[in-house]
Amino acid sequence: MDESPFLVRRANAKDAQKLRAIRLESLADTPEAYGSTYEDSVKWSRLKWRIAAAKWNYFFGERDGEVVGMASGGFNDSHPGTHWLFGMYVTPSARGTGVAGQLVEAVSEWARGEGAKSLYLHVTESVTRARAFYEKMGFRLNGESIKMDRDRSMTLVTMVRNLD
Ligand SMILES: CC(C)(COP(=O)(O)OP(=O)(O)OC[C@H]1O[C@@H](n2cnc3c(N)ncnc32)[C@H](O)[C@@H]1OP(=O)(O)O)[C@@H](O)C(=O)NCCC(=O)NCCS
C-alpha cells in the first residue's frame, strides 16, 4: 500500500488559481532560484494563468487537497530536442517529506512519454539545497553554465538525469 500522504497529479485549466498561488509563493520564497520574478508574474491575467495551467505540463503535489509543491516539464529553445524540468518548488512545511522526489518522477514520466532519454534542468549555483536534492535524484552536472537573463550576477548550472 502507498503510505505517502501526497497525491501528485497533472494540473489542468481549472487549476489556474491554484497554480497562481503556489507559483507566486515560490517566487516570493526563493527569488534567486527562478528566472521569472514575483513582480512580473503577479501582473499576469486570469487568462494567462489558465493557459499555463492547461498547456504547460504542470504537476502539483497535494496533501489534504492543498497544493504543497509543483514542477513542470517543457522545452528549451536554446537546446532543440531536449526536455527540461522547470519551476520546481515545495512549500517549507513539506520539504524533506519525499513529495519533491515524486514531482521529479512525474516530470520524468512526462518526458519519457515524449520520447526523451534525458531530463535537463538549470539550477542557480548558490541554491545549495536544490542542488543537493537534484544530485540525490540522479541529476549530474554536465559542465555547462549560463548567466541568468534577468540578473547576470547569477550563474545557472545545467544538470542532466538519465531516463533509461
Ligand atoms: C528544491 C526543493 C524542491 C527540494 O525539495 P526538498 O523536499 O527540500 O528536498 P529533500 O529534503 O528531499 O532533499 C534536499 C537535500 O538537500 C540537503 N539539505 C537539506 N537541508 C539543507 C540545507 N539547509 N542546505 C543545503 N542542503 C540541504 C540534503 O542532502 C537533503 O537530502 P537528504 O534527504 O539526503 O537529507 C525544495 O527545497 C524547495 O522548494 N526549495 C526552494 C525552491 C528551490 O530552490 N527550487 C529549485 C529551483 S531550480
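Me: Which element supplies the largest share of the shell around the ligand?
Reply: First, the general idea: a residue counts as near a molecule or strand if its C-beta atom, placed from the backbone, lies within 6 Å of it. Elements are DSSP runs numbered from the N terminus, with helices (H or I) needing at least four residues and strands (E) at least two. Here, α5 gives the largest share, six residues. One caution: this is a predicted model, so local features need pLDDT of at least 70 and side-chain atom pairs count only at pLDDT 80 or more, while totals for chains, interfaces and linings use all residues. Residue numbers start from 1 along each chain as its sequence is written.

Me: How many residues surround the ligand, and which are the closest?
Reply: The shell has 16 residues, and the closest are R95, A100, A130, A132 and F133. Two elements give two or more residues to this shell, β4 (84-90) and α5 (128-136).

Me: How do the shell residues divide into nonpolar, polar and charged?
Reply: The sorting goes by residue type: Ala, Val, Leu, Ile, Met, Phe, Trp, Tyr, Cys and Pro are nonpolar, Asp, Glu, Lys and Arg are charged, and the others, Gly among them, are polar. Around this ligand you get ten nonpolar, three polar and three charged residues.

Me: Let's zoom out. How many helices and strands does the protein have?
Reply: Five helices and seven strands. Reading from the N terminus, the order is β-α-α-α-β-β-β-α-β-α-β-β.

Me: How do I read strand pairing, and in which sense do β5 and β7 pair?
Reply: Two strands pair if DSSP finds at least two bridges between them. Strand β5 (residues 118-124) pairs with β7 (residues 151-162) in the antiparallel sense, over seven bridges. To find your place, S118 has N162 in β7 as its bridge partner. Strand β6 (residues 140-148) also runs antiparallel to β7, joined by six bridges, and R140 is bridged to V160 in β7.

Me: Which residues of the largest nonpolar core touch the most other members?
Reply: In soluble globular proteins, nonpolar side chains tend to be buried together. A core here is a set of buried Ala, Val, Leu, Ile, Met, Phe, Trp, Tyr and Cys residues joined through C-beta atoms within 7 Å. The largest one has 37 residues, and L19, F59, M70, A71, L85, L103 and V107 touch the most other members. Helix α4 gives the most to this core, eight residues. As for L19, its contacts beyond four places in sequence are A11, W49, A52, A53 and Y58.

Me: What about phi: which value does N57 have?
Reply: Most residues other than glycine have a negative phi. N57 is not a glycine, yet its phi is positive, about 55°. N57 lies in the loop between α3 and β2 and is partly exposed because 19 C-beta neighbours fall inside 10 Å. D64 also has a positive phi, near 50°; D64 is in the loop between β2 and β3 and is exposed, with 8 other C-beta atoms within 10 Å.

Me: Last one: what radius of gyration does the protein have?
Reply: Taken over C-alpha atoms, the radius is compared with a globule rule of 2.2 Å times the number of residues to the power 0.38. For 164 residues a compact globule would be near 15 Å, and the protein has 15 Å, which agrees. The C-alpha trace spans about 40 × 40 × 30 Å along its principal axes, and buried residues make up 32% of the 164.

Conventions:
A residue is buried if 20 or more other C-beta atoms lie within 10 Å of its own, exposed if 12 or fewer, and partly exposed in between; C-beta atoms are placed from the backbone. Two residues are in contact if their C-beta atoms, placed from the backbone, lie within 7 Å.
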